[in-house]
Amino acid sequence: YGGYVTAEVDGSRTIGSTFDRMSNIDESSFEVSDDDSVRIIDQFEAITGVSRTDLTMGSSWAGVRATTPDHLPYAGPVADHASAQERYAALAQDAKTQNLGKPELVPDLYLLAGLGSKGYQYGPILGEYLAAQMCDEPLPLPTDLIAPLHPLRDLIRSIKRS
């Protein structure tokens, strides 16, 4: 419905949430706004038909979600940044250059970050994806999704743009 609602546990559910861009992280802005709470409840009521009078407000919280410039999470092995810059430098001259080889990886280091507001959806499958990589098992994602999630994609993009 534009937010989320969890399954009922011990007679309670969690509903949310809002998404406001922050240019500067300021802990005082983590305060829960009454306007946000009303907006969330209004949306929930409009979509589910559950009346506001049937809801009991418990506690509220606010936080920051980490995201990436292209809003896709980083998921995959961590590459040695300096050697990757050197290996892919040719992309600055011709962005269509191919066959530059695989990057040098930092042994046994993987990254899953930048899930943003999609952690509920991305977290489980990307956890399985990393576990499969670590254990050298078949990947649970189509191969065309690997490059868009790779932690090196921003470096590659910036080299091509230079």
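Colleague: What percentage of the 162 residues in the protein is buried?

Modeller: The model is a predicted one. A residue is called buried when its relative accessible area is under 20%. Buried residues make up 23% of the 162 residues here.

Colleague: How many helices and strands does the protein have, and which pattern do they follow along the sequence?

Modeller: There are 5 helices and 4 strands, and their order along the sequence is β-β-α-β-α-β-α-α-α. The radius of gyration is 21 Å, whereas the globule rule gives 15 Å for 162 residues, so the protein is more spread out than a compact globule. The C-alpha trace spans about 65 × 35 × 25 Å along its principal axes.

Colleague: Which residues form the largest nonpolar core?

Modeller: In soluble globular proteins, nonpolar side chains tend to be buried together. In this model the largest nonpolar core has 8 residues: Ala79, Ala84, Tyr88, Leu91, Leu152, Leu155, Ile156 and Ile159. Helix α5, residues 153-161, gives the most to this core, with 3 residues. Ala84 touches Leu152 and Leu155, when residues up to four places away in sequence are not counted. Another core, of 6 residues, lies apart from the largest one and includes Ala75, Tyr129, Leu130 and Leu141.

Colleague: What share of the accessible surface belongs to carbon and sulfur atoms?

Modeller: Carbon and sulfur atoms hold 51% of an accessible surface of about 11400 Å².

Definitions and conventions. Residues are numbered from 1 along each chain as its sequence is written. This is a predicted model: local features need pLDDT of at least 70, side-chain atom pairs count only at pLDDT 80 or more; totals for chains, interfaces and linings use all residues. Side-chain values use heavy atoms; hydrogens and water are left out. Helices (H or I, at least four residues) and strands (E, at least two) are DSSP runs, numbered from the N terminus. The radius of gyration is taken over C-alpha atoms; the globule rule is 2.2 Å times the number of residues to the power 0.38. Buried means under 20% relative accessible area, exposed over 50%, partly exposed in between (1.4 Å probe, protein chains only). Accessible areas come from the Shrake-Rupley method with a 1.4 Å probe; for residues, only the protein chains shown count as cover. A nonpolar core is a set of buried Ala, Val, Leu, Ile, Met, Phe, Trp, Tyr and Cys residues joined through side-chain atoms within 4.5 Å. Contact means heavy atoms within 4.5 Å.
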